[in-house]
Amino acid sequence: MNGEAEAWIGPPEAHVEPWTARELATLKRGSKRAVAAATGIGVIVGLASALLTTLFVVLPNLKPSTTNLVAITNVVVEPNVTFGQYLQHPSTAMAVRAQGMSLDDIRSRSKGGLADRGAGVDFQFDVRGYGGATLQTRWTLFDADTGERVAESEQLDPLPLRFVAQKKEADIGTWEFWVRTFDQGRKSYFVRIEMNDLTAGTRLTFKDSDKFSPSP
């Protein structure tokens, strides 16, 4: 009897119903598909991440700017320029009109005449991240041999650069001012240009010109 029972029962796997075997096979195939799909998604996510990283490395300007920057560059001094020549320069005339002034207004603010001699100073400015702030430049004239301060722009400059930064990312432009040097009796000078934030009451940066003589 025991032998017959063993022969009838047999090993457990020998008596698995056919539908159960098919179900197990289907489950195995589904598991393989799920693993393959998950692997594919991981590869796609990895490729997308690598692509974004590459873009930010190759094109760093795609990143949002978080740095405030103020720079004064390309300072060029032209000696032996009369005040009248400075006022006749197209850029000066445009600046006068843009501020709602006339040449007569500028002459009245100057302590000298149109024949007074000095130096024209051109420079470029680059302002980033100061949108809405009121910025203004000023300058100091130095004796290049002794380092003595000779004059300040508040005393001599009838047309200072003053503007409200409009752009969050960058405000870039150029400016020219005139410095009277004929009556100082010095051999050489240099000019220190400053950019100030009037809204915050701070000096943002400065740049010194090369040394120059009051005459060619």
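**A serine in a loop, and beyond**

Modeller: At 13% relative accessibility, Ser 188 counts as buried, where buried means under 20% relative accessible area, exposed over 50% and partly exposed in between, with a 1.4 Å probe and protein chains only. The model is a predicted one, in which local features need pLDDT of at least 70 and side-chain atom pairs count only at pLDDT 80 or more, while totals for chains, interfaces and linings use all residues. Residues are numbered from 1 along each chain as its sequence is written, and side-chain values use heavy atoms, with hydrogens and water left out.

Ser 188 sits in the loop between β6 and β7 (189-197); here helices (H or I, at least four residues) and strands (E, at least two) are DSSP runs, numbered from the N terminus. Its side chain makes a polar contact with the side chain of Asp 145, at 3.3 Å, a polar contact being a pair of N or O atoms within 3.5 Å, of which, within protein, one must be able to donate a hydrogen and the other to accept it, and residues adjacent in sequence count only if both atoms are side-chain atoms. Leaving out residues up to four places away in sequence, Ser 188 touches Phe 142, Asp 143, Ala 144, Asp 145, Phe 212, Ser 213 and Pro 214, where contact means heavy atoms within 4.5 Å.

Apart from neighbours within four places in sequence, Ala 165 is in contact with Tyr 130, Gly 131, Gly 132, Ala 133, Leu 135 and Asp 171. The C-alpha atoms of Ala 165 and Gly 132 are separated by 5.3 Å, although the two residues are 33 residues apart along the chain.

Strand β6 (residues 171-180) pairs with β2 in the antiparallel sense over 10 bridges, two strands being paired if DSSP finds at least two bridges between them. Within this pairing, Asp 126 has Ile 172 in β6 as its bridge partner. Strand β2 (residues 117-128) also pairs with β1, again in the antiparallel sense, over 11 bridges, and Leu 69 stands opposite Arg 128 in β2.

Strand β1 (residues 69-82) holds Asn 74, which has a positive phi of about 50° although it is not a glycine. Asn 80 is likewise placed in β1, and its phi, near 60°, is also positive. Most residues other than glycine have a negative phi. As for accessibility, Asn 74 is exposed, with a relative accessible area of 53%, whereas Asn 80 counts as partly exposed at 27%.

Helix α5 (residues 103-109) contains Asp 105, which is partly exposed with a relative accessible area of 32%.
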